[in-house]
Amino acid sequence: MKFNLKGFNQFIGSSQVNEAAQDTRDTGFELRVVYDESVAGGDRESAEGYLKRATKMEPARAESILSGLSSAALSNWENAWKIRESRGLDEGPLKKQGEWYVGKGAWRINSNKADFLGMTPKWMTWIDPMQEDIVDAFFPELKGGSAAIDKESDLDSVELPDWMSGAEKEEDALAMAESRKTSLKHLKRIFEEDDFHLGPPSEVEGEADVVSSNDLKEILKMNYKMRHRANVMIWGAPGIGKTMIVKDTARELSLELGKDIPVVIVTLAQMQPYDLNGIPLLFAKEGGEQFVLPMSQRGQVQMDFAVPCWLPGQGDSEEGILFFDEINRAEQDMLSAALTLLLDRKAQKYTMPSGWRVWAAGNRAMDGPVKPLEAAVATRFLGGHVHLVPTVESWAEWARGDKAFYKDIDGNVTEEWYIPEEFLIFLRSVESSDKGDLPKFFDLEGKPIKTEYKYFYKYDKSKLSAGGEGVAVGFPTPRNWATAFQNIYDTILSDPKLRAQVDPQKDPRRQGIAGFEVALADPKTANLIERMLKRIVGATSANYFMEYVKVFTKHSDSKSTLGEKVANIFEDPSKPRPLVDIPMLKNASERQAVLSIIESHIESMGNSFDMKSFENWTKYLKDVADKVKDGELAGHVSGARQKNPKVAEVIRSAMEAYKEFRSTGKNRETAMAAESFITQFRELLGAFDI
């Protein structure tokens, strides 16, 4: 029985390969499995069970694969799967250990070697059209040569592989080896790409202090107020707002303490050691007008250093923040020059004023070419190392603060937000917590911190350096999304013709973004918006968002946005609410899209989901009972309970109130809401453990 990589990648064991192998003629392979009744676990029923567990894919996709197993099954797969999981053979960077490889992609490299050496078990036949290339590249010793020639080696002493046999001199061999690397670009894409996530490296995640944006502000404020000085190091991916958070913290401290807290941002990677230590100057002991001193003054000349003007000193604020940005992209001699400043707060004869603090930030190794911090530098951060991971809620909170007002190149602030409401709803919906994955990290309030996103932050090395040419393409980060919407606000949403179509009674801060839906109604403008997004956040994220917002155009009008209508469900049922005043939607996916938006809103409510929210939600569930199918509505209620534990807690309280009302007549309004909920979702309550 044949299995193709494109539809069977998780069974083989690497989602990365599937992403890379859109053209199976280039990187595809087949695995033929022979049914073996005599081997334990070789029966069809067991095989299908192993397959379902191993694939971890949605039921429909698994069934389509299982349908081809009518005359073939797997044997010994469960044991092999357990061994791979227990040994972590598919984790970490690709590297050679002894005669085999471990890490991402190693399973395929090793499988080709095993097949090449005749080690493949009887019940499995491995067919890989790239086997020759893989064996050449990773096990050249099997073919009697090397896939690449060391420039310092003697060509005559090297036994060339078959594909290099035409080389007559070293230059020819090197050129052929370089050409061979080009032909193996797809191998790099498969085997050298690490899984990207926003958390700390796996080898230190148990020790790391992972924080959200709001947590980091609190930590930095506490550090600033300490009477002794302890440097802080902030780690995190590019584009998550590390520098902005430092600036925002300084502004908040200024308001809180009633004095100006300046921030001096220093990028050591753009400096030389003398930029920190100062340029040496010569001074004559007794003075003199000559620029070149005469021999008679030998022994009367001293050298000193000019203090860099960017270092806080005399005449500057008595306190502030010296922030070293991208510190681990600096050269080692530059870091060495910064050591005494980090530890002793000195550089040559310069001494930092006592009121100044030193904070720094850097990217992780998986984010690109950075240099590891040596212990001498790393241990200077006695205020602690923290790993920043952005959260949708903290970013959405920022997007509705005065730091997210549009600001032009001259510093003029419009006092209007530029990030549309539709995008915040989109994020809350598509990035809602995945209950299938247990969170590893939590913020100071106990809320889980996600380290993997679909569209809020998505980094793909293979696409950003397609084929190794270094051709950058857009990809989504919090910073890139914000910049994209700044561009859209400035060029489209500020157009007077568009603004004339917006309700003048709108909240002034929302005046510009209120025109977003109006802009989407025009096909040409909508196409322009999509292209502007693509250039910055990439085509995949831009396309998905634009498809998603089509729902908004159907469920919002000039009276209110869809987001406002969702909020009305829980705050004021007398105002417009989604799905209530329209006929039943024929498209099931569209109904589900609206319900998922409501579920995401419930998740964002957190502990603010109270009894009044439940009562109003119950009214809504009753009002849309004829617009949404029963199963869909039950799924919506169940989903809301999963996304926000407070929901089940409030429902339990409502049930208690219902019991009390029946015996005492108290809490009538809550009891009526509970009774309506029981009538509508009686079968669901058992699953709620209520």
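Tutor: We begin with a term: a polar contact is a pair of N or O atoms within 3.5 Å, where one must be able to donate a hydrogen and the other to accept it. Keep in mind that this is a predicted model.

Student: How far does the backbone oxygen of Tyr224 lie from a polar atom of the side chain of Arg357?

Tutor: The cut-off for a polar contact is 3.5 Å. The backbone oxygen of Tyr224 and a polar atom of the Arg357 side chain are separated by 2.5 Å.

Student: Over which ring does the charged end of Arg357 sit?

Tutor: A charge counts as over a ring if CZ of Arg is within 6 Å of the ring centre and within 35 degrees of the ring normal. For Arg357 the distance from the centre is 3.6 Å. The ring is that of Tyr224.

Student: Is Arg357 buried or exposed?

Tutor: Arg357 lies in strand E14, residues 355–362. Leaving aside neighbours within four places in sequence, Arg357 has contacts that include Asn223, Met226, Glu319 and Arg345. Buried means under 20% relative accessible area. Arg357 has 8% relative accessibility and therefore counts as buried.

Student: Which ring lies under the charged end of Lys113?

Tutor: The charged end of Lys113 is 4.2 Å from the centre of the ring in question. That ring belongs to Trp100.

Student: Which residue forms a salt bridge with Glu319?

Tutor: Side chains of opposite charge can pair when their charged atoms come close. In the salt bridge of Glu319, the closest N and O atoms are 2.7 Å apart. Glu319 is in strand E11 (residues 319–325), and the partner is 60 residues away in the loop between H12 and strand E8. The partner is Lys259.

Student: Where do Arg251 and Asp248 lie?

Tutor: Arg251 and Asp248 form a salt bridge, with the closest N and O atoms 2.2 Å apart. Arg251 is partly exposed because its relative accessible area is 39%, whereas Asp248 counts as buried at 2%. The two are 3 residues apart, about one turn of the helix, and both lie in helix H12 (residues 242–257).

Student: Which residues are joined into one network with Asp507 by salt bridges that share partners?

Tutor: The structure holds 24 salt bridges. In one of them, the side chains of Arg510 and Asp507 meet at 3.9 Å, N to O. Arg510 is partly exposed at 23% relative accessible area, and Asp507 is partly exposed at 25%. Through shared partners, Asp507 is in one network with Arg400, Glu421, Arg509 and Arg510.

Student: What kind of aromatic pair do Phe485 and Phe516 form?

Tutor: The structure holds 29 aromatic pairs. In the pair of Phe485 and Phe516, the centres are 6.3 Å apart and the planes are at 70 degrees. Planes over 60 degrees apart count as edge-to-face. The pair of Phe485 and Phe516 is therefore edge-to-face.

Student: How many residues apart are Phe485 and Phe516?

Tutor: Both residues are buried. Phe485 is in helix H19 and Phe516 in helix H21 (residues 516–520). The pair links distant parts of the chain, with a separation of 31 residues.

Student: How far apart are the C-alpha atoms of Ile219 and Gly384?

Tutor: Ile219 is found in helix H11, residues 213–225. Along the chain, Ile219 and Gly384 are 165 residues apart. Their C-alpha atoms are separated by 9.8 Å.

Notes: Residues numbered from 1 in each chain as written. Predicted model: local features only at pLDDT ≥ 70, side-chain atom pairs only at ≥ 80, totals over all residues. Heavy atoms only, no water. Phe/Tyr/Trp six-rings, centres within 6.5 Å; stacked < 30°, edge-to-face > 60°. Helix = DSSP H or I, 4+ residues; strand = E, 2+ residues; numbered from the N terminus. Buried < 20%, exposed > 50% of the residue type's maximum accessible area, 1.4 Å probe, protein only. Contact = heavy atoms within 4.5 Å. Salt bridge = Lys/Arg side-chain N within 4 Å of Asp/Glu carboxyl O.
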